[in-house]
Each structure stands twice: as structure tokens, then as C-alpha cells.
Amino acid sequence: MLLALSLPLLAPLSAPPAVAAAVPPLEEINATATQVAFGLRRPTAIAAPDDGTKRLFITEKRGTVRVYHPDTGLAQAPIVDITASVDESGNERGLLGIALAPDFAQSQDLYLAYTALPDGAVTLGRYRLDEARLEPLLAQEHAEHSNHNGGQITFGTDGNLYMSIGDGGAAGDPFDTGQRLDTLLGKILRVDVRRSCGELAYCIPADNPFVGVAGARGEIWMYGGRNPWRFSVDHATGSMWVADVGQGRWEEINHVKAGQQAGANLGWSCYEGLEVFDQAQCRADATYTKPVFTYSPHTGGCAVIGGQVYRGKQFADLVGGTYIAADYCYMTVWALRENAAGGYAAAEIGEMPTQVTAFGATPEGELYVVNDLPGGLHRLSFAHARPTCRIAYTTRTWGVGMTVDLTITNTGTAPINGWTLRFPLGRGQSVVSDWNTDLTQSGDMVTAVNAGHNGSIAPGQSVTMGYLASHTGDASAPTRFTLNRDTCAVTR
């Protein structure tokens with residue numbers, strides 16, 4: 001796998017953009033990706049200069065940055081070449097991230113995250129574009145294992161630079177770095193690269209949470225990460241979305257709001273997702289930030305690829321304020337949206353190209369993605385599409401048992417001849433038996449295939465099925481369903 005990946009943080013620059021009241025529910029959104037460029041060599045990140053040129057800068061693993069323009073396409077010659085400084089050995093090392101200085105139009109400074117020769121240290125460097133000169137600023141040793149480098153960098157609205165570094169690699173956090181504060185491994189950092197302080201080529205902001213704490217690195221902003229390969233800052237609200245690649249049971253997305261980020265503990269390796277992973281790493285006095293969304297590899301996924309909140313204009317009436325993410329192995333577009341109750345709606349709203357590695361946004365807020373192999377750039381679009389299926393359910397619970405009856409309605413205009421319904425179960429639930437379906441459970445995911453007598457559903461017609469399950473305390477009903485890979489509306 002490519003990625004086996006209360007002090008206020010960010011004061012909003014302005015009030016959050018208004019989201020149209022008629023924004024449809026997530027299950028009525030359809031996302032598509034249109035390829036606009038070919039020929040990239042293992043692209044890893046996207047940045048867009050706000051200089052009126054309409055360019056996108058795209059990093060390639062080997063240590064080059066290519067330029068895409070919507071009118072002229074992908075330039076063959078790189079605008080940046082630091083291959084002589086980049087260790088691209090192993091599947092996860094290389095040039096990993098890019099961020100443009102807030103004053104890029106004047107300074108021509110950009111920042112790069114890469115694994116450096118000769119030892120594979122995860123490094124933050126400043127590249128002077130007008131001088132073609134690279135200045136290493138910060139380095140974290142990462143020699144033992146080649147995976148879990150992190151490498152996301154971005155500027156916050158406070159002008160500071162934020163950077164993620166993985167836990168040091170291998171599996172199971174062998175160095176216990178996630179919960180340690182004496183190392184930059186397994187962390188999100190916050191540094192001021194506009195100036196230097198003493199022997200440092202950067203400054204540590206005085207309001208970082210561990211400044212002055214004995215034995216702790218002052219650069220640390222958040223900790224408890226496994227491999228936060230991609231995170232993003234919503235500049236409208238100051239909140240941070242952190243997608244942390246899981247060990248093998250759970251992929252997770254964290255939404256940490258402004259004012260809750262300084263010193264936030266994302267849990268690894270005490271927790272993987274919402275489950276305890278290593279009890280020895282858990283502390284009774286610790287406060288853990290719980291993810292707002294998890295999914296298991298039983299969905300077909302393997303590594304969550306964090307995206308961004310959509311703040312563009314073209315599709316604001318559909319996905320304004322919605323967080324969009326993906327998975328490296330599974331071609332799903334994940335959409336998350338906070339609801340009025342403080343919870344989150346989640347849905348699969350379309351398909352990505354295979355092996356997406358990163359998202360990027362234009363200065364106007366329109367979204368792009370790059371994929372690893374065969375190496376392309378894709379523009380995301382969104383459309384309003386009524387669901388072709390609706391699920392209604394009834395449940396009965398007792399003790400450690402529960403039954404769930406599901407009614408599947410064809411809300412489309414074409415007959416459904418043969419169906420497969422997929423949905424996740426609550427934690428600790430296990431199917432005991434089923435009816436009117438051929439049902440299998442893999443981890444938390446259920447795959448229910450039609451029985452011989454109910455495989456055809458005419459438009460407007462319904463079929464029923466159900467199951468008996470045991471539970472360990474969570475007797476909640478499923479909240480999201482797909483029928484033949486189409487997301488269904490849910491009647492609760």
C-alpha cells in the first residue's frame with residue numbers, strides 16, 4: 001500500500017460562507033471525477049497559487065513539481081526539481097507535500113515536505129522559486145522504517161505552517177511514538193516559518209501547547225497520530241479535518257474545531273478508531289479526541305485519503321460546507337456533513353479513480369484529485385441525483401439481541417433485476433441468522449444478496465428482508481446503505 005497513511009488555532013478570516021438552505025441530503029448527491037491531465041509520475045500533492053495564473057502545482061514522488069494549466073495542460077518540464085535531495089526508496093518515501101507561502105505572488109516561496117537523502121529523515125524545506133534554491137528548515141529522523149512518513153503541509157489562517165509526520169513506520173507503533181511528547185513522530189506540528197529563532201530556522205509559536213513543558217517538543221500542536229497522511233484546514237471556520245490511516249481494522253476521520261486543537265490527542269496507539277488497540281498506551285488521565293467517522297477495510301478500503309471542505313461557488317448549492325474524502329484502494333467518494341444535533345451524516349456519493357493520493361483546491365474552492373497509478377489529475381464535479389432506492393427499517397431489541405426488518409423500495413424508473421445491499425453494523429453486533437436474503441458478514445460490513453424469489457424489484461415496488469443479531473451494548477440500526485453500489489435514502 002502507498003499509505004499503510006483551550007487555545008484558538010485559527011481565527012476565521014471572515015464569517016463562514018452561507019450554505020443554501022436547500023442543500024439536498026448527501027444521498028441525493030452524485031460526485032464524478034473527470035480526468036484533465038495524464039502522464040504524472042506518482043503524484044502526491046496539489047497546491048494552487050493565488051496569483052491569477054490559474055495554475056496547479058503537482059508534486060511527484062521522485063522530487064519534482066509539475067505545473068498544470070486548464071488551457072495548456074500539463075507542462076512536461078518540472079518547475080521544481082529537488083531529486084538530488086530526495087530519498088524515494090520504498091513505496092512511501094519521496095516528495096510528499098507542498099504548501100505555497102501566503103505571500104507567494106510576491107515572495108515566490110514555496111514549502112516542501114520530503115524524505116531526505118541520505119537517511120530518509122522527514123524534512124520541511126523552503127524552496128526559493130526565483131533562485132531554484134532549497135533550504136532545509138526542520139528534520140525528523142525516520143531511518144528504521146520507510147512507511148508512515150505523513151508529509152501533509154499547509155498554512156493556517158494565522159500564518160503558521162502545519163505539518164504531519166507519521167509514527168515512524170512498521171506496524172503497531174513499535175516505538176510508542178504516538179503518545180510520546182519527546183518526538184515529532186506521530187504528530188501534527190505548528191511552526192512559524194516567516195522568521196528564525198536562535199539556532200532554529202523557524203520559530204515555535206509561544207502559544208503552542210507544549211512550549212515550556214519539560215521533555216516535550218514545542219513544535220507539537222496535536223499528537224496521537226498513526227499516519228495522518230492528509231489533513232486540511234477549513235479556512236472559513238478554522239476547524240481541522242485529520243484523516244489518519246489505520247492499522248488494519250479502522251480508518252478514521254477527525255474533525256477538530258478551532259479552540260479544541262491545541263494539545264488534542266487523536267488516540268493512537270491507545271486507540272485505533274473507536275476501539276482500544278494497545279491498552280498499555282492508554283492513560284486514565286488522558287482526554288482523547290474521538291473520530292467523527294470510521295470505516296473498516298471490509299468496505300474494500302485500505303487507507304483513508306483526507307480531502308477538504310468544499311467552499312467553491314459552482315456546486316455550493318449541493319455540497320457547500322461538506323467535507324469530501326476518499327480511500328486509496330476503494331473508489332468511493334466519502335461525504336461528511338455536520339448536522340444540527342452535533343452529529344455527522346456520512347454517505348458514499350460516487351466513485352473516484354483508483355489509488356487517489358491527494359486532494360487540492362483552486363483559490364476559488366473547486367476540488368481536484370491526483371491518483372498514484374497511472375498518474376493523472378482529475379477535476380471533481382457534483383450533481384443532484386435522486387436515489388434509486390429507499391430503505392425503511394424497524395428494529396426490536398432485548399438483552400443482548402436484536403432483530404432488524406428492512407424494506408427495500410425501488411425509487412428509480414428501471415426494474416432492478418438482482419440486487420446486493422451493503423451496510424455496516426454497529427460495533428459489537430454479529431448476525432446470527434437472516435430471512436429473505438443470502439447474507440454474509442465480514443467484520444462490520446454486511447452483504448445481503450437477493451433470494452431466489454425476490455431478486456426483481458419493479459419501479460415503485462418493494463421487497464423485505466431482515467436479520468437477527470447479537471450485540472454487546474450498541475443496538476443501533478444501520479445508518480447508511482448501498483444497493484448495487486448506489487446510495488439509498490433512509491427512512492428512519
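Analyst: Happy to. Let's start with an open sheet of four strands, ordered β15-β16-β17-β21, with antiparallel pairing. Its edge strands, each pairing on one side only, are β15 (230-233) and β21 (293-295). From one strand to the next, the twist averages 10°; axes are lines fitted to C-alpha atoms, for helices over the stretch in contact, with angles from 0 to 180 degrees between N-to-C directions. This is a predicted model, where local features need pLDDT of at least 70, side-chain atom pairs count only at pLDDT 80 or more, and totals for chains, interfaces and linings use all residues. Residues are numbered from 1 along each chain as its sequence is written, and side-chain values use heavy atoms, with hydrogens and water left out.

User: What makes a strand, and how many bridges join β15 to β16?

Analyst: Strands (E, at least two residues) and helices (H or I, at least four) are DSSP runs, numbered from the N terminus. Two strands pair if DSSP finds at least two bridges between them. Here, β15 and strand β16 (residues 240-244) run antiparallel and are joined by four bridges. Phe-231 stands opposite Val-242 in β16.

User: Which strands does β30 pair with?

Analyst: One is strand β29 (residues 389-398), joined to β30 by 10 bridges in an antiparallel arrangement, with Thr-395 opposite Val-404. These two form a hairpin with two residues between them, and Gly-399 in the turn has a positive phi of about 40°. Another is strand β37 (residues 462-470), antiparallel to β30 through nine bridges; there, Met-465 is the bridge partner of Leu-406.

User: Is β30 (residues 401-410) mostly covered or uncovered?

Analyst: Mostly covered: eight of its 10 residues are buried. Buried means under 20% relative accessible area, exposed over 50%, and partly exposed in between (1.4 Å probe, protein chains only).

User: Why does Thr-44 count as buried?

Analyst: Because its relative accessibility is 5%, Thr-44 counts as buried. Thr-44 sits in strand β2, and its side chain makes a polar contact with the side chain of Thr-59 (2.6 Å). A polar contact is a pair of N or O atoms within 3.5 Å; within protein, one must be able to donate a hydrogen and the other to accept it, and residues adjacent in sequence count only if both atoms are side-chain atoms.

User: And how do I read pockets?

Analyst: Rolling a probe the size of a water molecule over the atoms shows where empty space is left. On a 1 Å grid over the protein atoms alone, a pocket is an open set of points with protein on both sides within 12 Å along at least five of seven lines, while a cavity is a set where a 1.4 Å probe fits but cannot get out; lining residues have an atom within 4 Å of a point. Grid points are joined across faces, edges and corners, and a volume is the space filled by probe spheres set on the points. The largest pocket has a volume of about 1300 Å³. It is lined by 50 residues, and the closest to its centre are Thr-154, His-235, Ala-361, Thr-362 and Pro-363.

User: Which element gives the most to the lining of the second largest pocket?

Analyst: That is β25, with four residues. The second largest pocket holds about 810 Å³ of space.
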